[in-house]
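Have the sequence and the 3D view open as you read.

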Amino acid sequence: MRNLSGDHIAEFVLVGFPTSPPIQLLLFALFLAIYLLTLLENALIISTIWLTPSLHRPMYFFLGHLSVLELWYINVTVPRLLGAFLILDSRVSFVGCMTQLYFFIALACTECVLLAVMAYDRYLAICEPLRYPSLMPSSMATRLAASSWGSGFFSSMMKLLFISRLSYCGPNIINHFFCDISPLLNLTCSDKEQAELVDFLLALVMILLPLLVVVSSYAAIIAAILRIPTAQGRHKAFSTCASHLAVVVIYYSSTLFTYARPRAMYTFNHNKVISVLYTVIVPFLNPAIYFLRNKEVKDALRKTVLARCHCPRSVPD
C-alpha cells in the first residue's frame with residue numbers, strides 16, 4: 001500500500017510474537033503485571049518526592065524527572081508489546097510509525113543525559129560537600145534537567161529528519177513489535193548511508209559522551225571514598241550513590257549492547273527478545289532499585305503511606 005505521492009508506503013505491518021496461544025496469553029499476563037507494577041512504582045516515587053519536603057533536593061529532583069521519563073517511556077513502547085501478543089500482525093500508519101520512533105529515541109537519549117547529570121550531582125555532593133549548595137542550587141538543577149530533555153528531543157528530531165526523508169517502497173513488514181531504527185533502515189529502497197551516518201554520530205554524542213561523564217564522575221567518587229579513614233564513613237558516602245550506580249550499569253549495558261551496531265543487529269530474529277530487556281525490564285528495575293537501596297526514599301514512602309492510612313504505629317525494616 002502506497003500513499004498518493006508514491007514515494008512511501010502508507011502503513012507498516014508489525015509482526016508480533018508468533019507462538020502457541022497458551023504461551024502468548026501467559027506472556028501477555030506477565031508483561032501486563034510488570035507494566036502495572038512499573039506504573040505504580042514510578043507513581044509512588046513521584047508522589048513521595050512531591051509530598052516530602054526533606055526530599056526537595058537536587059538528587060531527588062533529578063530522580064523525579066527520571067520517574068516521569070520512565071512513565072512516558074513505557075507508555076510509548078509497552079502497549080505495543082502487549083498488543084503484539086494479542087494481534088500478531090498489527091498495522092501502523094507511516095506517520096504513526098515515525099511519531100512512535102521520534103518519542104522512543106527522544107526519551108532514550110534524554111535518559112542517557114539525565115543519568116550523566118545525576119552522576120555529576122553525586123560527584124559534587126561527595127567530592128565537594130562544602131561547596132555543593134553553591135555549585136548545585138535549585139536553579140542549576142532546573143537548567144540541567146531542562147538541558148537533558150532538550151538535548152534528547154533535539155537529537156531525536158535530527159535523526160528522524162533523515163530517516164523520514166528516505167523512500168519506503170515495500171515490503172512493509174517489520175519483524176518487531178514497535179517501529180525502531182534498524183528495521184526501518186532495512187526496509188528503505190533509497191540510499192541510507194547518510195541516515196546511518198547521522199544515526200551513528202548522534203549515538204556517539206548522546207550515549208558515549210554522557211557515559212564518559214558517568215565514568216569520570218564515579219572514578220572521582222571512588223577515589224574520594226577510598227580516602228575516607230573510617231569504614232562507616234565510606235559506607236555512608238557510597239550508600240548515597242549506590243542506587244544510581246546500579247541503575248546506570250543496567251541502563252548503559254543494555255543500551256550499548258543493543259545500539260552499538262544497529263545496522264547488523266537486526267539480522268537476528270531474537271532482537272525482539274533483546275528489545276524487551278530495555279523497554280520493559282529496565283524501566284521496571286530502576287524504581288525498584290531506588291526503593292530497595294535508598295533509605296531516604298524508603299523512609300519517606302513509609303511515612304507517606306502511614307500518613308495516608310492514618311496508621312500511627314511504626315513499620316520495621
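Q: Is Thr188 buried or exposed?
A: Keep in mind that this is a predicted model. Thr188 sits in the loop between helix H6 (181-187) and helix H7 (193-226). Its relative accessible area is 13%, and the cut-off for buried is under 20%. So Thr188 counts as buried.

Q: Which backbone oxygen does the side chain of Thr188 reach?
A: Leaving out residues up to four places away in sequence, Thr188 touches Leu166, Ser167 and Tyr168. At 2.8 Å, the side chain of Thr188 reaches a backbone oxygen, and that oxygen belongs to Ser167.

Q: Are H2 and H5 roughly parallel or roughly antiparallel?
A: Helix H2 (residues 58-86) and helix H5 (residues 138-164) have axes that come within 10 Å and cross at roughly 25°. Angles under 35 degrees count as roughly parallel. That makes the pair H2 and H5 roughly parallel.

Q: How many nonpolar, polar and charged residues make up the contact of H2 with H5?
A: The crossing of H2 and H5 is right-handed. On the H2 side, the contact is made by Pro58, Phe61, Phe62, His65, Leu69 and Trp72, and on the H5 side by Ala141, Thr142, Leu144, Ala145, Trp149 and Phe153. Sorted by class, the contact of H2 with H5 comes out as 10 nonpolar, 2 polar and no charged residues.

Q: How are H3 and H7 oriented, roughly parallel or roughly antiparallel?
A: The axes of helix H3 (residues 94-127) and H7 come within 9 Å, crossing at roughly 20°. With angles under 35 degrees counted as roughly parallel, the label for H3 and H7 is therefore roughly parallel.

Q: What does the contact of H3 with H7 look like by class?
A: H3 passes H7 in a left-handed crossing. Residues of H3 in this contact include Cys109, Cys112, Arg122 and Tyr123, and among those they meet in H7 are Met206, Pro210, Ser217 and Tyr218. By class, the contact of H3 with H7 has 20 nonpolar, 1 polar and 1 charged residues.

Q: Is H1 roughly parallel or roughly antiparallel to H2?
A: The axes of helix H1 (residues 21-51) and H2 come within 9 Å and cross at roughly 160°. Angles over 145 degrees count as roughly antiparallel. So H1 is, relative to H2, roughly antiparallel.

Q: What is the handedness of the crossing of H1 and H2, left-handed or right-handed?
A: By class, 20 nonpolar, 6 polar and 1 charged residues form the contact of H1 with H2. As for how H1 passes H2, the crossing is left-handed.

Q: How far apart in space are Phe284 and Thr38, C-alpha to C-alpha?
A: Phe284 lies in helix H11 (residues 271-293). With a relative accessible area of 22%, Phe284 is partly exposed. Not counting residues up to four places away in sequence, Phe284 touches Ile34, Leu37, Thr38 and Glu41. Phe284 and Thr38 are 246 residues apart in sequence, yet their C-alpha to C-alpha distance is 5.0 Å.

Q: Which residue is 83 residues from Phe94 in sequence and 5.0 Å away in space, C-alpha to C-alpha?
A: Phe94 is part of helix H3. At 14% relative accessibility, Phe94 is buried. The residue 83 places from Phe94 in sequence and 5.0 Å away in space, C-alpha to C-alpha, is Glu11.

Methods: Residues numbered from 1 in each chain as written. Predicted model: local features only at pLDDT ≥ 70, side-chain atom pairs only at ≥ 80, totals over all residues. Heavy atoms only, no water. Helix = DSSP H or I, 4+ residues; strand = E, 2+ residues; numbered from the N terminus. Buried < 20%, exposed > 50% of the residue type's maximum accessible area, 1.4 Å probe, protein only. Polar contact = N/O pair within 3.5 Å; in protein donor to acceptor, adjacent residues only side chain to side chain. Contact = heavy atoms within 4.5 Å. Axes fitted to C-alpha atoms, helices over the stretch in contact; angles between N-to-C directions. Parallel < 35°, antiparallel > 145°, perpendicular 65-115°, else oblique. Left-handed = near helix turned anticlockwise from the far one by under 90°. Nonpolar A, V, L, I, M, F, W, Y, C, P; charged D, E, K, R; others polar.
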